[in-house]
Protein chains: 2
Amino acid sequence: MVDVIGVVVEYNPFHNGHLYHLTKAREEVPGAHLIGVMSGNWTQRGEPALINKWARAEAALQSGIDIIFELPVVYAVQSAEGFARGAVKTLEATGIVNYLCFGSEAGQLEPLQTIASYMEAEPPLFKKELQLSLKKGLSYPAALHRALSTVSRTGKGLPFSAEVLENFFTPNNILAIEYLKAVKKISPEMVPLTIKRRGAGFHDLQASGDIASATGIRRALFKKELGLVNKTVPGASREILYKEIAAGKGPVHEEKYADVILSLLRRSSPEKLATLPEVIEGMESRLKKAASSPDLHTLIKELKTRRYTRTRLQRILIYLLLSLNKETLSYFNEAGPHYLRILGFSSRGKELLHRIKTHAFLPLVTRPAPFIKDPLISPGAKQMMHYDILATDLYVLGYPNPDQRAGGEDFRHPVVKSDPAVSMQE
Amino acid sequence: MVDVIGVVVEYNPFHNGHLYHLTKAREEVPGAHLIGVMSGNWTQRGEPALINKWARAEAALQSGIDIIFELPVVYAVQSAEGFARGAVKTLEATGIVNYLCFGSEAGQLEPLQTIASYMEAEPPLFKKELQLSLKKGLSYPAALHRALSTVSRTGKGLPFSAEVLENFFTPNNILAIEYLKAVKKISPEMVPLTIKRRGAGFHDLQASGDIASATGIRRALFKKELGLVNKTVPGASREILYKEIAAGKGPVHEEKYADVILSLLRRSSPEKLATLPEVIEGMESRLKKAASSPDLHTLIKELKTRRYTRTRLQRILIYLLLSLNKETLSYFNEAGPHYLRILGFSSRGKELLHRIKTHAFLPLVTRPAPFIKDPLISPGAKQMMHYDILATDLYVLGYPNPDQRAGGEDFRHPVVKSDPAVSMQE
């Protein structure tokens with residue numbers, strides 16, 4: 001049996017930290033293949049990706065990933081739990097992934113695993129404390145921290161000191177916990193591996209050596225501070241990034257969607273806004289009121305609280321943009337992915353695809369057009385694909401070059417075939 | 001009894017042709033008051049107005065109109081019949097308008113009246129010929145021309161020669177016919193007057209002396225050819241226009257709404273698009289296909305036919321923008337206006353308002369906020385006002401200055417009070 005490592009990625013953009021992660025993953029399981037499931041044109045932060053999914057898939061292939069599948073947008077724009085589940089289900093559905101490798105600040109499985117198992121058991125005290133903290137208006141990471149600290153102090157909870165829990169609930173650790181929960185539930189035979197993240201933290205905007213956070217790199221790019229970009233993004237990825245920018249297809253900025261989002265907010269009734277995922281406890285009235293903001297920046301500033309973080313608010317706006325409501329997402333979360341959409345593969349990935357064709361328990365899709373026209377495909381699968389296509393059709397309206405804004409790119413763009421310049425596979 | 005002349009206007013922008021019309025109207029009925037019912041922020045051509053409704057109302061007051069009422073947007077963006085009916089019903093509802101004065105290329109009531117009466121009687125032959133010509137794909141004016149020519153030739157129809165009918169169905173003559181039909185049906189005691197339009201034709205882009213069409217003036221303004229603007233727009237109106245532009249609240253261009261409209265088209269199913277007014281016979285599929293266009297210009301170019309003229313297509317896009325469907329418009333057309341929204345009045349208009357308060361059979365609205373909160377106001381009236389408010393909330397997103405794009409302007413903007421610099425009333 002061939003070893004296959006699954007990775008869940010956004011590569012927005014692909015940088016040295018990602019390269020380090022792939023190198024380390026290969027060291028953990030020598031000779032293994034790498035399959036990535038990647039967000040499409042919108043990310044988990046509720047933002048448009050810097051460059052489109054095909055360009056980012058190309059960067060991934062050139063950096064040593066063998067196949068890139070698209071994480072359907074209905075999962076890609078969800079908070080940690082829905083995102084992680086959608087991704088793990090996608091990897092599981094290939095039928096050949098036996099490792100899941102993710103980065104984390106913890107760098108060790110043990111504490112993440114302990115917390116994941118504890119959370120999954122849903123002990124009443126923990127559940128109560130978590131709800132209480134959320135009700136008080138804490139953000140999810142802060143509420144998790146407080147709830148676990150409280151139960152730890154009772155002695156009946158977790159074997160962690162306050163020191164260990166302090167600063168533990170970083171975005172990547174939280175995602176890691178969700179991956180572990182998802183693996184246990186969906187794919188218990190998949191072996192989890194974690195790699196300690198190097199250098200700059202998730203929120204750090206400064207580079208640390210040749211590593212910077214994707215957020216820092218995006219910000220530098222918008223400010224045209226190419227020094228940081230050149231230092232922290234490997235050559236292949238950088239070339240693709242600059243090629244896309246030269247073509248006027250990037251960098252895509254969320255402010256480009258301000259008019260569309262403000263129009264939708266101004267058109268929508270509070271009742272309609274209340275149907276959006278993650279909108280609870282009267283947020284719909286605050287959204288409706290803030291719809292009068294002259295721009296997106298003011299809108300977010302008006303709405304931001306400890307509990308409604310920027311990323312959560314941005315996700316809510318993307319749900320609105322894509323017409324995703326609570327009911328739709330519940331259905332997709334229950335049903336899981338309906339297909340394996342191939343964005344790209346390398347020569348090495350091509351061999352792997354033959355194995356996937358035999359083992360996968362979801363249809364492989366290279367061309368969405370015949371897929372959505374196929375009378376044998378379920379309405380749910382078509383709807384899921386419809387959202388992916390719509391996500392691209394709206395995304396391209398944010399391209400700096402007006403000539404590039406035509407819809408239907410999902411029907412035209414070929415699957416990306418690309419290999420690393422220097423072999424990284426041995 | 002005081003004589004009151006009603007005029008139906010867009011003043012986009014107020015120009016010398018409009019001034020001429022007002023002067024002539026006053027000559028027809030010496031000493032009469034003038035009441036205008038004016039489109040708000042969107043016009044009958046399906047375009048955003050160059051500057052907002054309050055600024056245009058101010059220009060009207062300074063040019064000698066005594067009171068400006070807003071034509072609710074649900075009528076303002078309809079084709080000639082719905083537009084004319086909504087406007088005549090609004091004037092009728094004041095209870096004090098006894099003349100309706102409109103411009104026309106014909107310049108005489110007789111031929112307009114004959115055609116209006118003939119059309120209203122709906123003789124089977126005419127009806128059949130009109131439907132036939134529309135089915136063949138002719139535009140409404142061309143189809144009207146062909147149907148009336150055909151029935152004229154039978155001898156059983158109209159007393160018009162082919163020469164008279166040739167070039168008769170200009171936009172203003174068609175509107176004039178609709179005004180006459182509306183007056184007969186809604187307000188038979190209102191006396192119609194028509195003034196021959198001077199100088200440049202509706203579609204002419206060149207000025208003829210000090211007269212240019214509003215289309216020509218708008219085009220000149222966007223091209224910054226201020227020579228034509230200065231020559232053809234009277235001082236008071238020009239000052240207001242330039243003041244708005246200096247504040248970054250104009251000139252508003254339809255291309256500013258391209259992303260919003262393209263997004264809505266890309267999000268909408270053909271079934272949804274089929275519910276839009278004026279969308280018939282499979283146009284929904286063509287709309288859905290054209291939604292892939294990279295910009296509005298290409299979109300219109302793709303869709304334009306003899307029957308689906310630019311203005312008709314633009315109106316359809318505005319219906320989409322404002323969420324107006326066939327059912328909603330049918331209701332509003334059936335019900336008629338629910339209120340008299342005052343945009344502005346002069347000192348002379350103030351006295352008139354006292355008389356209107358006694359005679360009007362619709363509520364006078366100066367402040368929309370208490371109106372929509374009033375438990376005694378009908379849901380239909382609130383919905384109509386909701387569309388007017390939404391129309392402004394979406395309109396302001398097209399302001400060149402981003403700081404001016406806040407929503408809720410209908411709740412904040414005071415009623416305009418302004419007088420002509422030089423008395424024009426005697």
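Mentor: Domain bounds come from an automatic or database domain assignment. Keep in mind that this is a predicted model.

Trainee: Into which domains is chain A divided?

Mentor: Three are assigned in chain A: domain 1 is made of residues 4-105, 174-252 and 333-425, domain 2 covers 120-169, and domain 3 covers 254-322.

Trainee: What separates the centres of domain 1 and domain 3 of chain A?

Mentor: Taken over C-alpha atoms, the centres of these two domains of chain A are 26 Å apart.

Trainee: How many salt bridges are counted between domain 1 and domain 3 of chain A?

Mentor: The count there is zero.

Trainee: How are two packed helices described?

Mentor: By the angle between their axes and the distance between the axes. In chain A, take helix α13 (residues 258-267) and helix α17 (residues 310-321): their axes come within 10 Å and cross at roughly 75°. Angles of 65 to 115 degrees count as roughly perpendicular, so α13(A) is roughly perpendicular to α17(A).

Trainee: Which residues meet where α13(A) and α17(A) are in contact?

Mentor: From α13(A) come A:Val260, A:Ile261, A:Leu264 and A:Leu265, and from α17(A) come A:Leu317, A:Leu320 and A:Leu321. The residues of this contact are seven nonpolar, no polar and no charged.

Trainee: Where is A:Tyr99 placed, and what does A:Tyr99 touch?

Mentor: A:Tyr99 lies in strand β4 (residues 99-104) of chain A. Leaving aside residues up to four places away in sequence, A:Tyr99 touches several others, among them A:Asp3, A:Val29, A:Met190 and A:Leu193. A:Ala25 is 74 residues from A:Tyr99 in sequence, yet their C-alpha atoms are 9.6 Å apart in space.

Trainee: How many residues are in contact between chain B and chain A?

Mentor: 26 residues of chain B are in contact with 26 residues of chain A. The two chains bury about 2100 Å² between them, and carbon and sulfur atoms give 52% of that. On the side of chain B, B:Arg266, B:Arg267 and B:Leu397 supply 33% of the area buried against chain A, more than any other three residues. Zero salt bridges are counted between chain B and chain A.

Technical notes: Residues numbered from 1 in each chain as written. Chains lettered and ligands numbered in written order. Predicted model: local features only at pLDDT ≥ 70, side-chain atom pairs only at ≥ 80, totals over all residues. Heavy atoms only, no water. Axes fitted to C-alpha atoms, helices over the stretch in contact; angles between N-to-C directions. Helix = DSSP H or I, 4+ residues; strand = E, 2+ residues; numbered from the N terminus. Parallel < 35°, antiparallel > 145°, perpendicular 65-115°, else oblique. Contact = heavy atoms within 4.5 Å. Nonpolar A, V, L, I, M, F, W, Y, C, P; charged D, E, K, R; others polar. Salt bridge = Lys/Arg side-chain N within 4 Å of Asp/Glu carboxyl O. Buried area = accessible area lost by both parts, 1.4 Å probe.
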